[in-house]
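Dear colleague,

Please find below the structure that I am handing over to you. My notes on what was found in it follow directly after.

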Amino acid sequence: MKQQKMVKRKLTAWIIALSASMPLAANAQEYDFKACVETALNQNPEMSASAARIEQAEGALTKAESSRLPQITLSVTGSNSDNALNVFGMKLQQRQATFGDFGINQFPFADPASSSNIAPSDLNNPQAHTDFNTRIEMLIPVWNGGKISSYEDQAKAMINAAKKGDLAVQQFLTYNVYQAYEAVHAARSFVKVAEQAVQTADSYVKTTSNLVEQGIVVRSEFLSAKVNQSSAQVALLKAKGQEEIALDTLKMLMNVDASTKVDVANRVDLELPVDNAEELLGMALNGNYELDAKRKQAASTSFSVEAARADYYPSFNVMLRQDWNDESLALNNGSYTIAGVVSWKITDFGVTRGSVDMANASAAEKKAAVKSQENTLRLDVLTSWRKLQIAKKQVQSNVLAVQQATEAQSLIMKRYKNGVSTITEVLAGETQLDRARADLVSSRYDVNVLKAKLLLLTGRMDIARI
């Protein structure tokens, strides 16, 4: 009867746990690795920032190309003045100037010789006059020392750099998604190990309780088993917490709402294109998009040097202008002006030289940064490769360790049930087995992540190649 009640309680608890978990499973949206990557590439803000950098570079090219086209300006200027020169000029522009504006009424026709000392008041002290000048002006750049061509070449190089940078961001996101995706599966493997440890700890408690009742072992053995059971339960909670953290990281990369229930599909095992460190290093130096972007940026600086040097050369521009002047806002009294302007800066006392020096220094800095990036890339590839070889050996070692610990624990349990061994030995053996299982999970995770890192470094961490 007592046994039936225990079975009934366990069955009830199992039904409650199953019913509580069903809504979560039903509501969780499952993503395979490809779907995770595509979602991240479509929604992660890093991709928006990368797209903005491309648009910025394209805008710079549009600006440079548009500098070759004429600039057309429309302006309207209204002015009122009693300044003698301004008033006379306004009247001339409005075609209104008369002899009376020169003070003809004060001219001594009877004695012209005395006119040299007369100051005509109409000319020197005119009444205030109003002028509305409507102007349309076209400035046509003809030659500016090659500055526009340099800006165009620089913008094109920056567009290429931005596009390479965009590919680098895509691959980096793919790598991070894979790392999080793999972390979910690794955490779930830890959960299985922890659940198995809890089941084993529960069985130890039951076995020890029976042995205490039979008088085979002392009660302190039972207490040690209870402590081990509690530790196993805490380890299980930690493993489940790591699973939730990994899922939260994946959701963050995918830029989905934190409250959204997300699940992952099957694991994805990665394979390297070659199994040789030197070949991988060559692929990285030729195919790494981040390095390629830096190279394009460094190349663009040579064009900025040429743009700075353009100020040493003369420039030639053509100006076409049409004016209308009237006392009111109207298109009357039109006039045109055509001008060609050649300008050559003889000296600016070192301003241009300073600009060229700054551009050269910036170019040298970018080139040095490329060399530094190449050295860092070499080190990353070789380091990741060596870590991968160690991780592979570690997996093999951990597989053997799990087999050995499993057999050893089986022998210890037989001895314990026969009263030959102590619970301390049993728990020590179980701890060793749990650690071996956990180490195996960890080493397999390390192998996959290191492969992903090498794919990223060689420019092959994209969904089309995985």
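To begin with charge, the chain carries 51 positive and 50 negative side chains. The centres of these two sets lie 12 Å apart. Please keep in mind that this is a predicted model.

On overall form, the C-alpha trace spans about 155 × 55 × 35 Å along its principal axes. The radius of gyration of the chain is 42 Å, whereas a compact globule of 466 residues would have one near 23 Å. The chain is built with eleven helices and six strands. Of its 466 residues, 35% count as buried. The accessible surface comes to about 27400 Å², and 55% of this belongs to carbon and sulfur atoms. Among contacts in the chain with a separation of 6 or more, 82% are accounted for by residues 24 or more positions apart.

Next come the aromatic rings. Ring centres must lie within 6.5 Å to count as a pair, and by this rule there are three aromatic pairs. In one of them, the rings of F33 and Y181 have centres 5.6 Å apart and planes at 65°. Planes over 60 degrees apart count as edge-to-face, so the pair of F33 and Y181 is edge-to-face. Which helices hold these two residues? F33 lies in helix α2 (residues 33–43) and Y181 in helix α6 (residues 147–213), so their pairing ties together parts that are 148 residues apart in sequence. Both partners are buried: F33 has a relative accessible area of 3%, and Y181 has one of 0%. Together with Y178, F33 and Y181 form one aromatic cluster.

Another aromatic pair is made by F88 and F102, and it is also edge-to-face, with 5.1 Å from centre to centre and 75° between the planes. F88 belongs to helix α4 (residues 84–93), while F102 is in the loop between α4 and α5 (121–124), so this pair ties together parts that are 14 residues apart in sequence.

Leaving aside residues up to four places away in sequence, K392 touches D275, V447 and K451. The C-alpha atoms of K392 and R444 are separated by 7.8 Å, although these residues are 52 residues apart along the chain.

Finally, two backbone positions deserve a look. Most residues other than glycine have a negative phi. N255, however, has a positive phi near 60° and is not a glycine. N255 is placed in the loop between α7 (219–254) and β4 (262–264), and at 41% relative accessibility N255 counts as partly exposed. N333 is not a glycine either, yet its phi is positive, at about 55°. N333 lies in the loop between β5 (315–326) and β6 (334–343). With 23% relative accessibility, N333 counts as partly exposed.

Yours sincerely

Key:
Residues numbered from 1 in each chain as written. Predicted model: local features only at pLDDT ≥ 70, side-chain atom pairs only at ≥ 80, totals over all residues. Heavy atoms only, no water. Phe/Tyr/Trp six-rings, centres within 6.5 Å; stacked < 30°, edge-to-face > 60°. Helix = DSSP H or I, 4+ residues; strand = E, 2+ residues; numbered from the N terminus. Buried < 20%, exposed > 50% of the residue type's maximum accessible area, 1.4 Å probe, protein only. Rg over C-alpha atoms; globule rule 2.2 N^0.38 Å. Contact = heavy atoms within 4.5 Å. Areas by Shrake-Rupley, 256 points an atom, 1.4 Å probe, with all protein chains shown as cover. Lys, Arg positive; Asp, Glu negative; His and termini not counted. Charge placed at Lys NZ, Arg CZ, Asp CG, Glu CD.
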